[in-house]
Amino acid sequence: MFRRRGSVRQQQEQDHHELHPESKVNELKAALGPLSGHDLLYCTDACFKRYLEARNWNVDKAKKMLEDTLVWRSTFKPQEIRWHEISVEGETGKVFRANFRDRFGRTVLIMKPGRQNTTSMENQIRHLVYLIENAILNLPEDQEEMAWLIDFSGWSFSTNVPVRTARETISILQNHYPQRLAVAFLYSPPRIFEAFWKIVKYFLDPKTIQKVKFVYPKNKESVELMRSCFDVDNLPTEFGGKATMKYDHEDFSRLMLQDDLKTAKFWGLEQKTPSAATNGIAEESKYTEC
């Protein structure tokens, strides 16, 4: 009985914080203290809210999580990664930003793990972090989250990322990009993926697990769930849609170089980024957001 009452009270408190987050945001802001430089740009009110939500509105836990992120960003420097440094990872189109958004206006990342083309864990993680930062850069003002579409065509254990890489990637996503993933659709994964999933699932927190959706072409319910998030006319054929999408590395690279300039301007790093002219950007890319 006491457990039930406690749970109800906790849920009521959480509901109150979600409806009136300003007081908790201000409390976290005060607890964190004065900020400067990149930390000040990163720690917006929306950022504070994401970390509070990730820690069920516990200010102390949110503060610890955010402080850890600021330390990680100061060493990993995701805002300073540029496309030319990791473009080799994108040559096969194993991860790229889609040229469409979902029904809610969210940026979409398309992943094709069967197209794995490198063996360096460090570069693979830098490549994914770069594209996550890029997806965030291209979110509309009213959105905080992105959607993932994962195509398992050609996937096998030989092309699969090692468990160590998966674990490190999950740690970065959960600890340093809280509340950034809205949903991840795993489309038609093979049976042998289930063994890998059981291992990976162990490292995921319950909130993230709920956002992972398995979609099978013959399972009407799972297909309808995915189509509730995507217009079938925009959805590529490999995900059961009607659109034809062919990844063009050179074209996508031009788009990323353009976005590098936007990233540099936001973070005040213009002098560290080669100019668009130097990189041969002369035309709009067909990957430009709709």
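Tutor: Let's start with the cut-offs: buried means under 20% relative accessible area, exposed means over 50%, and partly exposed is anything in between. Keep in mind that this is a predicted model.

Student: Why is K64 called partly exposed?

Tutor: K64 has 47% relative accessibility. That value falls between 20% and 50%, so K64 counts as partly exposed.

Student: And what makes D68 partly exposed?

Tutor: D68 comes in at 35% relative accessibility, and the in-between band applies here too, so "partly exposed" is the label.

Student: How do you know that K64 and D68 meet in a salt bridge?

Tutor: Their N to O distance is 2.7 Å. The cut-off is 4 Å between a side-chain nitrogen of Lys or Arg and a carboxyl oxygen of Asp or Glu, so the pair passes.

Student: Is R126 buried or exposed, and why?

Tutor: R126 has 17% relative accessibility; that is under 20%, so it counts as buried. E85, at 37%, is partly exposed.

Student: How do you know that E144 and R50 form a salt bridge?

Tutor: Their side chains come to 2.2 Å, N to O, and that is within 4 Å, so the pair qualifies. The two are 94 residues apart: E144 lies in the loop between α7 (121–137) and β3 (146–151), while R50 belongs to helix α4 (residues 45–54).

Student: Why is R50 called buried?

Tutor: R50 has a relative accessible area of 6%, which is under 20%, so buried it is. E144 has 28%, so that side of the pair is partly exposed.

Student: Which residues are linked with R50 in a network of salt bridges?

Tutor: E144 and R180 join R50 there. Over the whole structure, the count comes to 15 salt bridges.

Student: What makes C43 and C229 buried?

Tutor: C43 is at 8% relative accessibility and C229 at 9%. Both values are under 20%, so both cysteines are buried.

Student: Which residues touch the most other members of the largest nonpolar core?

Tutor: That core has 56 residues, and the ones in question are I110, W148, L149, M226 and F230. Helix α7 supplies the largest share, seven residues. Setting aside residues up to four places away in sequence, W148 touches several partners, including L109, I132, L173 and F185. There is also a second, separate core of 19 residues, with Y42, C47, A264 and W267 among them.

Student: How many of the residues of the chain count as buried?

Tutor: Of the 290 residues, 47% do. As for secondary structure, the chain has twelve helices and five strands.

Technical notes:
Residues numbered from 1 in each chain as written. Predicted model: local features only at pLDDT ≥ 70, side-chain atom pairs only at ≥ 80, totals over all residues. Heavy atoms only, no water. Helix = DSSP H or I, 4+ residues; strand = E, 2+ residues; numbered from the N terminus. Buried < 20%, exposed > 50% of the residue type's maximum accessible area, 1.4 Å probe, protein only. Core = buried A, V, L, I, M, F, W, Y, C linked by side-chain atoms within 4.5 Å. Contact = heavy atoms within 4.5 Å.
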